[in-house]
Amino acid sequence: MEKFLVSVERRAFRMAHIATGSPEEALDIVQDAMFRLVRRYARQPEAKWKPLFFRILQNRIRDWYRRRAVRNRWH
């Protein structure tokens, strides 16, 4: 699992950074996505990790946008 995470971390960070415009937010999103993959799907076959991880990452980015929209609505 660790080798897989190292292989996707750069691309994942770049995707999150482009989406958020913030390296700190991007790092939080990527770390959360990695943690969720390990916690929920570590026992899945290795071939499934990549699509699962990037689905989780996209969902985390979507959640970030939703939270930001709600925050902006109230401020």
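**Ground rules.** I number residues from 1 along each chain as its sequence is written, and side-chain values use heavy atoms, with hydrogens and water left out. As the model is predicted, local features need pLDDT of at least 70 and side-chain atom pairs count only at pLDDT 80 or more, while totals for chains, interfaces and linings use all residues.

**Entry 1: helix H1.** I took helices as DSSP runs (H or I, at least four residues), numbered from the N terminus. H1 covers residues 2-20. I checked its length against the expected span, which is 1.5 Å times one less than the number of residues. The 19 residues of H1 should span 27 Å, and the end C-alpha atoms are 25 Å apart, which agrees. I then looked for a bend, meaning the angle between axes fitted to the seven residues ending at a residue and the seven starting there. H1 has a kink of about 45 degrees, centred on Glu9. Just after H1, I found Gly21 with a positive phi of about 75 degrees.

**Entry 2: what H1 hides.** I called a residue buried when its relative accessible area is under 20% (1.4 Å probe, protein chains only). In H1 that gives Phe4, Leu5, Val8, Ala12, Ala16, Ala19 and Thr20. These buried residues pack against helix H2 (23-41) and helix H3 (46-74), with contact meaning heavy atoms within 4.5 Å.

**Entry 3: helix H2.** The 19 residues of H2 reach 26 Å from first C-alpha to last, close to the expected 27 Å. I listed Ala26, Ile29, Val30, Ala33, Met34 and Leu37 as its buried residues. Viewed down the axis of H2, they fall within an arc of 130 degrees, so they line one face of the helix; the arc is that of the directions from the helix axis to the C-beta atoms. The buried residues of H2 pack against H1 and H3.

**Entry 4: the core.** Which residues touch the most other members of the largest nonpolar core? I found Phe4, Phe53 and Leu57, in a core of 19 residues. H1, H2 and H3 are the elements that each give two or more residues to this core, and the largest share, 7 residues, comes from H3. Setting aside neighbours within four places in sequence, Phe4 is in contact with Leu37, Trp49, Lys50 and Phe53.

**Entry 5: Arg60.** Not counting residues up to four places away in sequence, Arg60 touches Ile29, Asp32, Ala33 and Arg36.

How values were computed: Buried means under 20% relative accessible area, exposed over 50%, partly exposed in between (1.4 Å probe, protein chains only). A nonpolar core is a set of buried Ala, Val, Leu, Ile, Met, Phe, Trp, Tyr and Cys residues joined through side-chain atoms within 4.5 Å.
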